[in-house]
Amino acid sequence: MNDQEDAWTRVLRLTRDLEMLLLDIKDAAVPVLTTGEPEQAWRTRRFLRLADRMLEDMHALQFASDDSKGN
């Protein structure tokens with residue numbers, strides 16, 4: 001395995017870690033939406049929208065990567 005493959009493997013691992021963290025944060029945010037102060041709830045909703053967009057983009061990249069392996 002060369003250095004470029006090692007770097008790519010690290011990127012993939014960190015991406016999976018980021019995905020898991022985003023999902024954990026989304027789960028932790030639910031109580032803030034229902035019991036938090038209005039400002040906290042507003043900020044949390046904004047973050048959740050950002051997290052959803054990030055997850056969608058990450059999944060799109062994953063599918064694009066999977067498709068390119070088949071070619």
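**Surface, helices and charges**

Tutor: The accessible surface of the protein chain comes to about 5,900 Å² (Shrake-Rupley method, 1.4 Å probe; for residues, only the protein chains shown count as cover), and 57% of that surface belongs to carbon and sulfur atoms. Keep in mind that this is a predicted model, where local features need pLDDT of at least 70, side-chain atom pairs count only at pLDDT 80 or more, and totals for chains, interfaces and linings use all residues. Residues are numbered from 1 along each chain as its sequence is written, and side-chain values use heavy atoms, leaving out hydrogens and water.

Student: How many helices and strands does the protein chain have?
Tutor: Helices (H or I, at least four residues) and strands (E, at least two) are DSSP runs, numbered from the N terminus. Helix α1 covers residues 3-35, and helix α2 covers residues 38-70. The count for the chain is two helices and zero strands.

Student: What share of the 71 residues is buried?
Tutor: Buried means under 20% relative accessible area, exposed over 50%, and partly exposed in between (1.4 Å probe, protein chains only). Among the partly exposed residues is Lys26, at 23%, while Arg43 counts as exposed at 53%. The buried share of the 71 residues is 11%.

Student: Which residue does Lys26 meet in a salt bridge?
Tutor: A salt bridge is a side-chain nitrogen of Lys or Arg within 4 Å of a carboxyl oxygen of Asp or Glu. Here the N to O distance is 2.3 Å. Lys26 lies in helix α1 and its partner in helix α2, so the pair ties together parts that are 26 residues apart in sequence. The partner is Asp52.

Student: How many salt bridges does a search of the whole structure find?
Tutor: Besides Lys26 with Asp52, Asp17 and Arg13 pair up at 3.9 Å, N to O. The search of the whole structure finds three.

Student: What is the distance of the polar contact between the side chains of His59 and Glu19?
Tutor: A polar contact is a pair of N or O atoms within 3.5 Å; within protein, one must be able to donate a hydrogen and the other to accept it, and residues adjacent in sequence count only if both atoms are side-chain atoms. His59 and Glu19 are 40 residues apart in sequence and 9.4 Å apart in space, C-alpha to C-alpha. Their side chains make the polar contact at 2.6 Å.
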